[in-house]
Amino acid sequence: MRVALLSVLDGPAEPRKIPAPFRMLAGARLVERQLDIALAAGCESIACLATTVGREVIDLQHRAEAAGARFIAIREPRKLSGIVTAQDELLVLSSGVLPDEDSIVRHLAKPGVLVFPEDPAVQRGYERIDAHFAWAGALMVRGNAVEQLAQLPTDVDTPSALLRIALQSGVRTHPLETRLLDEHVWLRDPTTEELAMRERSWVAGHADVAPFTAPGLAIAERMGARLAQDTMGGRLPRFLALGAAAMGLLALSLGLAGWILPGFGLAALAVLLFAMEEVVRRISNAGQVRPSVPVLVQALRILLDPLLVVLVAMASPEDTTWLRLFVPAVLFGLLHLGERLSTARWRRSYADRVLLTLGLLPAVLFGFAQPVVAVLSLAVLVTLFLTSEPRD
């Protein structure tokens, strides 16, 4: 089993200064980001060194348990002996360090110590281990190192002690690129400015906005990414989902009352808000191993397309009887096939409901929605032969 050791212990803090483990990055505390990295590295149990179990530690426990991991807060390093066996592996992340997840997963698949060249790492506060290298704040050791740790005084700096034990036992060191420090990818006790720069790159790296082959989604998701950067860690995803649901219900109500065009306009707004919600939530949940998806969002994913089908049917002439529902249902069915069967480049194009609803507005306005939907269905069918992945 693989166990992670985190710490929220910090050195003497300046007055009113937030301890390094509790500083925020992209809506989560640094220690919560450490937890996400530990879970991504395969840790099944999380031990956290803490003098008191406050709100921050409780939040950390909830985050770990939501991902299916066991969480234990300990005050003394000797308690580790009851958690880690000699056959286990122990991932150690120093307090206030935000590592690069890819480097952890790649280099610490087995016991090792991650290091930086002493210049510039030592000047940036990293612990020197010899004439050439400084400890990066992350290591992996066998569980038997905990037995040696139990023989040391209780007030020992646990991560540093495990570092010395690892080095004395001959654990291999893995030098990292100084680029990680220069580009603020790997942080230690970060300043507000460093966190701001890291957050900007975090948003850009996890937004995964649609390309302009899906122009409606591309614009909506870029709007969402911009909002996410300004409201990181807030309730914006919930508000956007509630807004999309409210617009959808209003659209259906207006459609049933005979106000088809306003209803379709509100449906277009619902689709826009939902596309923005998707990217904001994707950024907010970035790094988490098993992020939860709200029930409302799951419902919207299922119900927005049927809502558009019903509105198109209402906008079609009554004398077309069952074709009023059949033709739009075929269109949306083909679009879903496109999302599943096309190459990665075109999947977002088939998912672009923003462009589709805006494009259908003139057809609804002038009363020829059904012929336009039929032509679009034929066009989508033809493109499926051009964009689908080749089969053996």
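Predicted model: local features only at pLDDT ≥ 70, side-chain atom pairs only at ≥ 80, totals over all residues.
pLDDT is the predictor's confidence in each residue, from 0 to 100.

**Stop 1: colour by confidence.** Across the chain the mean pLDDT is 90, and 97% of the residues reach 70 or more.

**Stop 2: the cysteines.** The disulfide count for this model is 0. Select Cys43, which is in no disulfide; its nearest cysteine sulfur belongs to Cys48, 13 Å away.

**Stop 3: salt bridges.** The whole structure holds 20 salt bridges. Begin with Glu127 and Arg164, whose side chains meet at 2.8 Å, N to O. This pair links distant parts of the chain, 37 residues apart: Glu127 sits in the loop between α4 (118–121) and β9 (133–142), and Arg164 in helix α6 (residues 158–168). Glu127 is partly exposed, at 26% relative accessible area, and Arg164 is partly exposed too, at 31%.

Next, move to helix α11 (residues 260–284) and select Glu277 and Arg281. They are 4 residues apart in this helix, so about one helical turn separates them. Their side chains form a salt bridge of 2.7 Å, N to O. Are these two residues buried or exposed? Both Glu277 and Arg281 are buried.

Glu278 belongs to helix α11 and Arg301 to helix α12 (residues 295–315), so the pair ties together parts that are 23 residues apart in sequence. Glu278 is buried, at 18% relative accessibility, whereas Arg301 is partly exposed, at 43%.

For one more view of charged side chains, select Arg29, Glu32, Arg55 and Asp59, which are linked in a network of salt bridges.

**Stop 4: a nonpolar patch.** Finish on the surface with Leu378, Leu381, Val382, Phe385 and Leu386. Together they form a nonpolar patch with about 560 Å² of accessible area. Click on Val382 to find yourself in helix α16 (residues 369–387); Val382 is partly exposed, with a relative accessible area of 45%.

Key:
Residues numbered from 1 in each chain as written. Heavy atoms only, no water. Disulfide = S-S within 2.5 Å. Patch = residues over 30% accessible without salt bridge, like charges linked within 9 Å, V, L, I, M, F, W, Y side chains within 5 Å. Areas by Shrake-Rupley, 256 points an atom, 1.4 Å probe, with all protein chains shown as cover. Salt bridge = Lys/Arg side-chain N within 4 Å of Asp/Glu carboxyl O. Helix = DSSP H or I, 4+ residues; strand = E, 2+ residues; numbered from the N terminus. Buried < 20%, exposed > 50% of the residue type's maximum accessible area, 1.4 Å probe, protein only.
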